[in-house]
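Reader: I have the sequence and the fold open on my screen. Can you take me through the pockets, the disulfide and the cores?

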Amino acid sequence: QVHELQMPVWDSLYQVRDFSQYINWIRAEDHVGHPLPLQALNPSRWRLEQAAKGARVTYQMFRDDPDPFGAQLNTRHAFFNPAQVLLYADDLRGSKTSVVIRHIPSGWRVATPLSSAGDVYNSDNYDQLADSPIEISNFEERDFSAPCGRYRVIMDAQDAATLLPKIMSPIEQIVTSASKWMNDCPFQQYMFIYHLSSSPGSGGMEHAFATAITLPAQDTTNDLATITGVTAHEFFHLWNVKRIR
């Protein structure tokens, strides 16, 4: 059996992007460990042959992009937009997927809108997986219930324990007002992921059941206008453009 493997070339930012540049090497083997032919068709696509009994495709990549439009792994945390780090087989794009996350540092936890069982995170298809950001770190978390369901607020920041309680009330006001205005609840659980640091990355990226927001820590020092403004903007995207086309 032949499969064509694809690394996506788009994920937000309204432009073609080259995620495959971060792959150091890639190889394939059959179910008993014998090498399989893997032909590069272009920088982001490979042809896998002789895989009638299944195959294991292994590759190594490294990224350290400090914004919600990328993926990052460093000593502080790991943050992934799966579309930027996970290949898919064209003919299996609609199949169920499972991602196993193991060997994380002591004290770190995983936050993602994906359903989970232990260290296995599941999705109905690749598109759902690609639209589910993953944060792995020693983050702070606060949860609350409001119109439409349960909300999880994840924050990775130096002073997260101090800042997080301050923004909970504004977030509740935002989700309550927007849900009432739209008169629609297309979800039962939603996740906010915040990164606040001295890195240059900033902005927000919308997802169907979450948003990831990165801001310089100094933007939250004296007032919350910046962080609440971005929060309201990204939350509204769960209707327009994630569901209103």
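Reader: How many charged residues are in the lining of the second largest pocket?
Author: This is a predicted model. By class, twelve nonpolar and eight polar residues are in the lining of the second largest pocket. The charged residues there number eight.

Reader: Which element gives the most to the lining of the largest pocket?
Author: About 1500 Å³ of space lies in the largest pocket. Of its 45 lining residues, Val-57, Tyr-59, Val-85, Leu-86 and Leu-87 are the closest to the centre. Elements that each supply at least two residues include strand 1 (3-6), strand 9 (97-100) and helix 1 (126-130). The most, six residues, comes from strand 5.

Reader: How many nonpolar residues does the lining of the largest pocket have?
Author: Ten lining residues of the largest pocket are polar and five are charged. The nonpolar count is 30.

Reader: Where is Ser-132, and is this residue buried or exposed?
Author: Ser-132 lies in the loop between helix 1 and strand 13. Leaving aside neighbours within four places in sequence, Ser-132 is in contact with Phe-80, Pro-82, Thr-112, Pro-113, Leu-114 and His-207. The cut-off for burial is under 20% relative accessible area. Ser-132 has 5% relative accessibility, so this residue counts as buried.

Reader: Why is the disulfide left-handed?
Author: The structure holds one disulfide. Cys-148 is joined to Cys-185, S to S 2.2 Å. The torsion about their S-S bond is about -80°, so the disulfide is left-handed.

Reader: How many residues apart in sequence are the parts that this pair ties together?
Author: Cys-148 sits in the loop between strand 14 (140-146) and strand 15 (149-157). Cys-185 sits in the loop between helix 2 (160-182) and strand 16 (189-197). The pair therefore ties together parts whose separation in sequence is 37 residues.

Reader: Which element supplies the largest share of the largest nonpolar core?
Author: This core has 28 residues. Tyr-151, Met-155, Phe-192, Tyr-194 and Phe-235 have the most contacts inside it. Strand 14, strand 15, strand 16, strand 18 (210-216) and helix 3 are among the elements supplying at least two residues each. The largest share, nine residues, comes from helix 2.

Reader: Which residues is Phe-192 in contact with, leaving aside neighbours within four places in sequence?
Author: Phe-192 is one of the residues with the most contacts inside the largest nonpolar core. With those neighbours left aside, its contacts are Tyr-151, Arg-152, Val-153, Ile-154, Ile-171, Val-175, Thr-211, Thr-231 and Phe-235.

Reader: How many residues are in the second, separate core?
Author: In soluble globular proteins, nonpolar side chains tend to be buried together. The second core includes Val-99, Tyr-121, Ala-130 and Ile-134. Its residue count is 14.

How values were computed. Residues numbered from 1 in each chain as written. Predicted model: local features only at pLDDT ≥ 70, side-chain atom pairs only at ≥ 80, totals over all residues. Heavy atoms only, no water. 1 Å grid on protein atoms, 1.4 Å probe; cavity = no way out; pocket = protein on both sides within 12 Å on 5 of 7 lines; lining within 4 Å. Points joined across faces, edges and corners; volume = space filled by probe spheres on them. Helix = DSSP H or I, 4+ residues; strand = E, 2+ residues; numbered from the N terminus. Nonpolar A, V, L, I, M, F, W, Y, C, P; charged D, E, K, R; others polar. Disulfide = S-S within 2.5 Å. Core = buried A, V, L, I, M, F, W, Y, C linked by side-chain atoms within 4.5 Å. Buried < 20%, exposed > 50% of the residue type's maximum accessible area, 1.4 Å probe, protein only. Contact = heavy atoms within 4.5 Å.
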